Amino acid sequence: MKVITTDLAPSPAGHYAQAVHHGGLLWVSGQLPINPATGAQVHGSIEDQTTTVLRNLEQIVLAGGSRRDQVLRATVYVTDIALWPRVNAVYAAFFGDHRPARTVVPVPALHHGFLIEIDAVAAV
């Protein structure tokens with residue numbers, strides 16, 4: 001097992017790794033809309049938050065030796081399912097023709113009042 005760390009994504013704020021590589025898979029922890037360069041929380045539109053989360057996720061995937069088109073599965077946690085069409089538009093533009101397996105989980109609240117969090121598993 002190898003712990004993956006990159007300065008190009010937010011540092012863990014608790015007792016967890018950005019990602020763990022094991023058995024040819026990269027397990028990426030849930031990513032929130034935080035600017036890794038400044039540590040600032042992104043509380044803009046759901047599109048801004050989703051874009052930030054996906055960029056953070058991609059930087060961790062790259063640091064782990066994979067790429068966005070090798071993401072096998074994603075779990076998307078969203079605080080208001082009515083936002084889903086807007087989240088899905090950003091998500092689809094990010095992944096393009098690649099379609100990872102996905103679960104969407106409506107949740108009542110996320111840390112810091114964020115609207116979205118995404119975790120993923122990628123092949124390495």
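**The sheet**

In what order do the six strands form the open sheet? The order is β1-β2-β3-β6-β4-β5, with mixed pairing. Strands (E, at least two residues) and helices (H or I, at least four) are DSSP runs, numbered from the N terminus, and two strands pair if DSSP finds at least two bridges between them. This is a predicted model in which local features need pLDDT of at least 70 and side-chain atom pairs count only at pLDDT 80 or more, while totals for chains, interfaces and linings use all residues. Residues are numbered from 1 along each chain as its sequence is written, and side-chain values use heavy atoms, without hydrogens and water.

β1 pairs with β2 (residues 19–22) in the antiparallel sense over three bridges. Within this pair, Val3 stands opposite Val20 in β2.

**The helices**

Helix α1 (residues 46–63) lies across β1, β2, β3 (25–31), β4 (71–78) and β6 (116–123), at about 30° to β6. Angles run from 0 to 180 degrees between N-to-C directions, with axes fitted to C-alpha atoms, for helices over the stretch in contact. Contact means heavy atoms within 4.5 Å.

Among the buried residues of α1 are Ile46, Val53, Leu57 and Val61; buried means under 20% relative accessible area (1.4 Å probe, protein chains only). The buried residues of α1 pack against β1, β2, β3, β4, α2 and β6. Just after α1, Gly65 has a positive phi of about 90°.

Key. Buried < 20%, exposed > 50% of the residue type's maximum accessible area, 1.4 Å probe, protein only.
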